[in-house]
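Please read these notes with the model open beside you.

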Amino acid sequence: MILSKPPLVQIRDLKIMAKHGILPHEKHQAQPFLISLDLSITPSEWLDATGEDRLSQTICYATLCEFSENFVQNHCFDLIETLSQKLADALLQTFKNLNHVHVTVKKPFAPINSPFENAQNHKNVQVTYDASKIYPIGIALGSNLGERENFLKAAIEGLDLLEGVEVLQTSSILETLPWGETNQGNFLNQCLLAKTTRDPFRLLKELKKLEREIGRVPSKKWGPRQIDLDLIFYADFHISHKSLNLPHPYAHERDFVLKPFLEINPNLKIGAKTVQEWLEALS
């Protein structure tokens, strides 16, 4: 699976006059701050737009600079550590195509009496902050071999231990008839909501790895399995790739996916409709 690396946008030493600091005069008299940004943009595979040359696939650099300037000037923090964190969070919340930010804030005229070797570079005090966007995800679990309930439990525990993944809500367990290949035992099914900073392709690899660790062995399509972990949705992204399609192309046809999600939140959207609407369409 060959995927493009996320585009990296770099902005260096954007000079902004603002009021940040602990001392009284720093809250009333503007001084220069230098803002540098390293921004990881949503890869084209996430947007189903590989090879396209459109501004909508990236972020307008002028808009980034204007937003950063307004934010730094319109807030007043005691610490540049706080400034860097708040700016990073605001960027992630505002720009949908932004996945990760590395913010550097320099304060050239920091109130420090100690001597610096290169006085022309002023005091050169700086702090950095890294932040990644957090995405909501939905995962469906199923098992129809062996200790089915224990396999589901192990999968949820394993997911919650993955770096960059936090399980938020789980449905109750539902016993269902097999789907697709019907000549096999009943399934226990369950769904969960989680949040993640992992990209969807790496997350898919981790799900498959976790399946193997729990005990799943290769079998025919839709055949019996110890554990099955399906990524149903990743935020509102529509991904069409040979290794991953989101939202899951069969989710809207499977009541053993829709009913557990209905229990968690009837208004949860999978693709164009809510789980409530998909279930009504199945009836």
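The points below go from the whole chain to single pairs.

1. This is a predicted model, in which local features need pLDDT of at least 70, side-chain atom pairs count only at pLDDT 80 or more, and totals for chains, interfaces and linings use all residues. Residues are numbered from 1 along each chain as its sequence is written, and side-chain values use heavy atoms, without hydrogens and water.

2. The chain has a radius of gyration of 24 Å, whereas a compact globule of 283 residues would have one near 19 Å. That radius is taken over C-alpha atoms, and the globule rule is 2.2 Å times the number of residues to the power 0.38. Along its principal axes the C-alpha trace spans about 80 × 40 × 35 Å.

3. There are 15 salt bridges, each a side-chain nitrogen of Lys or Arg within 4 Å of a carboxyl oxygen of Asp or Glu.

4. One of them joins Glu26 and Lys107, at 2.8 Å from N to O. Glu26 is in the loop between strand S1 (8–18) and strand S2 (31–41) and Lys107 is in strand S3 (residues 98–107), so the pair ties together parts 81 residues apart in sequence. Strands are DSSP runs (E, at least two residues), and helices are too (H or I, at least four), numbered from the N terminus.

5. Are the two partners buried or exposed? Glu26 is buried at 2% relative accessible area, and Lys107 is buried at 7%. Buried means under 20%, exposed over 50%, and partly exposed in between (1.4 Å probe, protein chains only).

6. Lys259 and Asp255 form a salt bridge at 3.9 Å, and both lie in helix H5 (residues 255–264), four residues apart.
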